[in-house]
Amino acid sequence: MPAVSDLARRLLLGDVRALARGIRLVEERDPMAEGLLRRVLAHTGSAHVVGITGPPGSGKSTLCDLIIECWRRENHRVGVIAVDPSSPFSGGAILGDRIRMQRHSGDADVYIRSMAARGHLGGLASAARNAIRLLDASGRDRCLLETVGVGQSELEVMQTADTTIVVTTPSSGDAVQIIKAGILEIADVFVVNKADQPGAPRVAKELREMVHSARFSATSLHGRQSRGEWEPPVILTQAVIGDHVDELVDAIDRHREMLSITGELVRRRAEQLRAEVEAIVVERAAERARKVLHGETMAAMLKGDLGSIDPYAIANQILEQGAEG
Ligand code: GDP
């Protein structure tokens, strides 16, 4: 397919229009996307992917804007995917609360793209993961993956990140919420933003205690990722005036170094790939089975004395046929 190979070639050269087209293909789950990814995968893996999540209004976009600024000062080329699981709008549309980041829109070395659920939540995590791969392949060595909220789909999206930042504020800062949402296990860095609001130091202190005790508790041993010697720092920021954001950027750097020195990066990415392959297999197997289910064979099987029909035997037959298909 010359169209795909040409697109891949241009994307690898850093062509922004090719990148935009590629991301649209993965978002729309276009059959061409798979071929494109196959052609660029060998050129991925060097970007550091930073996930940032937290409730709406906690200051994520403001923080992202400042992180981008720091990275640009260090001459990194930046890619941002802002995922909004609740919004039906997409296609690069500027979501209202993402406008803060748009001051970088004139900078060719900052590529910002919004992505929305469009009815299939499951596909969102995989679209975001593939979009990050394309950013990586196009030479963006620092990627931000921003999601709103702390629900299951956000957790799924965060599995793509090398470093996950969880943002809270004094008002949204009940520690119990964080434990309930399984956030403690995925966060590598905590930010308590809006340090100017009352209660911020208390929330930070509570979080520090929680992080510290979780490290030594049995539950953390069964967590998704082992952290080794890393204890997630809790950083108090006031994003609106840029206060302590340098500390956050520094924590991201230290985490990245830790990941590569300890071999944790490879372990983490292998685990992410395993989960990704599992998801693809489950999705494709279900798709094939569904085809047989809605086919004529199924209808034929359900004829005759219904009382004597063995549903397990039929299910097995369907699975076998699906596997052949
Ligand atoms: P997001 O929805 O998590 O991306 O949050 P935004 O970055 O859009 O910020 C939401 C609102 O909080 C905006 O009006 C910001 O100006 C404001 N905000 C961000 N950081 C701070 C802060 O440190 N203190 C206060 N008081 N407001 C902040």
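A residue is called buried here when its relative accessible area is under 20%. By that cut-off, 47% of the 325 residues in the chain are buried. The model is predicted.

**Whole chain**

Start with the chain coloured by secondary structure. The chain has 14 helices and seven strands. Among contacts between residues at least 6 apart in sequence, 78% join residues at least 24 apart.

**Stop 1: helices H2 and H3**

Select residues 16–27, which form helix H2, and residues 31–40, which form helix H3. Two packed helices are described by the angle between their axes and the distance between the axes. For H2 and H3, the axes come within 8 Å and cross at roughly 125 degrees. That angle makes H2 oblique to H3, because 65 to 115 degrees counts as roughly perpendicular and over 145 as roughly antiparallel. The crossing of H2 and H3 is left-handed.

Now show side chains at the contact. On H2, pick Arg21, Gly22, Leu25 and Val26; on H3, pick Met32, Ala33, Leu36 and Leu37. By class, the residues of this contact are six nonpolar, one polar and one charged.

**Stop 2: Glu27**

Stay on helix H2 and select Glu27, which belongs to that helix. Is Glu27 buried or exposed? Its relative accessibility is 5%, so Glu27 counts as buried.

**Stop 3: Asn75**

Most residues other than glycine have a negative phi. Asn75 is not a glycine, yet its phi is positive, near 65 degrees. With 63% relative accessibility, Asn75 counts as exposed, since the cut-off for exposed is over 50%.

**Stop 4: Lys194**

Where is Lys194? Select the loop between strand S6 (189–192) and helix H9 (200–216), and Lys194 lies there. Lys194 also has a positive phi, about 65 degrees, although it is not a glycine. Its relative accessible area is 27%, so Lys194 is partly exposed.

**Stop 5: Leu207**

Move on to helix H9 and pick Leu207, which is found in that helix. Leu207 has a relative accessible area of 2% and is therefore buried. Leu207 and Val191 are 16 residues apart along the chain, and their C-alpha atoms are separated by 9.7 Å.

**Stop 6: helices H11 and H12**

Finish with residues 245–262, helix H11, and residues 264–293, helix H12. How far apart are the axes of H11 and H12, and at what angle do the helices pack? The axes are 5 Å apart and the angle is about 90 degrees. H11 and H12 are therefore roughly perpendicular to each other.

Show the side chains where the two helices meet. His255, Leu259, Ser260 and Thr262 are the residues in H11, and they meet Glu264, Leu265 and Arg268 in H12. Sorted by class, the contact of H11 with H12 has two nonpolar, three polar and two charged residues.

Terms used: Residues numbered from 1 in each chain as written. Predicted model: local features only at pLDDT ≥ 70, side-chain atom pairs only at ≥ 80, totals over all residues. Heavy atoms only, no water. Axes fitted to C-alpha atoms, helices over the stretch in contact; angles between N-to-C directions. Helix = DSSP H or I, 4+ residues; strand = E, 2+ residues; numbered from the N terminus. Parallel < 35°, antiparallel > 145°, perpendicular 65-115°, else oblique. Left-handed = near helix turned anticlockwise from the far one by under 90°. Contact = heavy atoms within 4.5 Å. Nonpolar A, V, L, I, M, F, W, Y, C, P; charged D, E, K, R; others polar. Buried < 20%, exposed > 50% of the residue type's maximum accessible area, 1.4 Å probe, protein only.
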